[in-house]
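Biologist: I'm new to this one. Can you walk me through it?
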Amino acid sequence: MKSVTLNSSAKINLTLGILSKRLDGYHELDTVMQAVSVHDVIKLTKKEKGITVCTNLPYVPNDSRNTAYKAAKLFFEQTGIDGGIEISVEKNIPVAAGLAGGSSNAASVLKGMNWLFGTGLTLDELCKMGAKIGADVPFCLMGGAAHATGIGEKLEKLPKLPQCHIVIAKPPVSVSTPEAYSAWDSLGEESGKIMYGDMAQALQAQDIDMVCERMYNDFERVANIKIPAIAEYKKIMTEFGAKGTLMSGSGPSVFGIFGSQNQARKAYNELKKKCREVYICRPV
């Protein structure tokens, strides 16, 4: 096999509690994540030497700053393989949006290179490698729904969201994750709302209304101050029948969960008047 093509799925956070800041600068988290059908497309092709990355977006770096490049470099270093890889990334997931697009790309590169080079690494081994690139990479390797703790690398599989329609809208601004954490730290407090047990129960019961009642994200407390569009988009989604709405990750993307495809489509059409990056998707 000389090449392989993979879908690289986005994620949303159903819960996100920020715990203590660690000595290494990372934060302990308690979060439940769900993969969704919005995805990038990654094509990997073996070559003799070196790592090359090309994307369909001119503002996405194609050098060592790109997480796909970092993943390939780490894979070669960790496995000792003397080879090369060409990485093509078709970006559909919004960039700097709280949807783990970069982490998902890195996960797809690790998974694809494991197949291409026949290294036979287990999911656990890939996740340990992925955690060195970014906190969301292990989850993106696992997919589905999961409870994540530590910096995101400690994962417990959960039942995925029951069948529903999800609308995602990204305001026309980008959020730097380090800056979002810095803003949270400036509040000088820890999350007072860790409800993993409640969310796990809702997913186990496959009760979409219970899931929506129990969604929360600590980052909203700092993002709402700077990005009024977050509250505006959530209001629109609610008015068009969303059972629950939330900002994903460190933002600024907002998602709404709908029981009806017709309601989701109407919310999508209304949000399209406000911003360019709007999607209808489903849990995967």
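Modeller: Terms first: two strands pair if DSSP finds at least two bridges between them. Helices (H or I, at least four residues) and strands (E, at least two) are DSSP runs, numbered from the N terminus. This is a predicted model: local features need pLDDT of at least 70, side-chain atom pairs count only at pLDDT 80 or more, and totals for chains, interfaces and linings use all residues. Residues are numbered from 1 along each chain as its sequence is written, and side-chain values use heavy atoms, with hydrogens and water left out.

Biologist: OK. What do β5 and β6 form?
Modeller: A hairpin, with three residues between the strands. Gly152 sits in the turn and has a positive phi of about 120°.

Biologist: In which sense do β5 and β6 pair, and over how many bridges?
Modeller: Antiparallel, over five bridges. β5 covers residues 145-150 and β6 covers residues 154-158.

Biologist: And what stands opposite Ala148?
Modeller: Leu155, in β6.

Biologist: Switching topic. Tyr196: buried or exposed?
Modeller: Buried means under 20% relative accessible area, exposed over 50%, partly exposed in between (1.4 Å probe, protein chains only). Tyr196 has 18% relative accessibility, so it counts as buried. Its place is in helix α6, residues 196-204.

Biologist: What does Tyr196 touch?
Modeller: Contact means heavy atoms within 4.5 Å. Not counting residues up to four places away in sequence, Tyr196 touches Asp30, Val32, His147, Glu156 and Leu158.

Biologist: How far apart are Tyr196 and His147?
Modeller: 49 residues in sequence, and 7.5 Å in space, C-alpha to C-alpha.

Biologist: Now α5. Which of its residues are buried?
Modeller: Ala180, Tyr181, Ala183 and Trp184, in a helix that spans residues 177-186. Seen down the axis of α5, they fall within an arc of 155°, so they line one face. That arc is of the directions from the helix axis to the C-beta atoms.

Biologist: What do those buried residues pack against?
Modeller: β1 (3-21), β2 (27-47) and α8 (220-226). On the other side of α5, Pro178, Glu179 and Ser186 are exposed.

Biologist: Last one: how many residues are in the largest nonpolar core?
Modeller: 36. A nonpolar core is a set of buried Ala, Val, Leu, Ile, Met, Phe, Trp, Tyr and Cys residues joined through side-chain atoms within 4.5 Å. Helix α1 (residues 67-79) gives the largest share of this core, seven residues. A second, separate core has 30 residues, including Met210 and Phe255.
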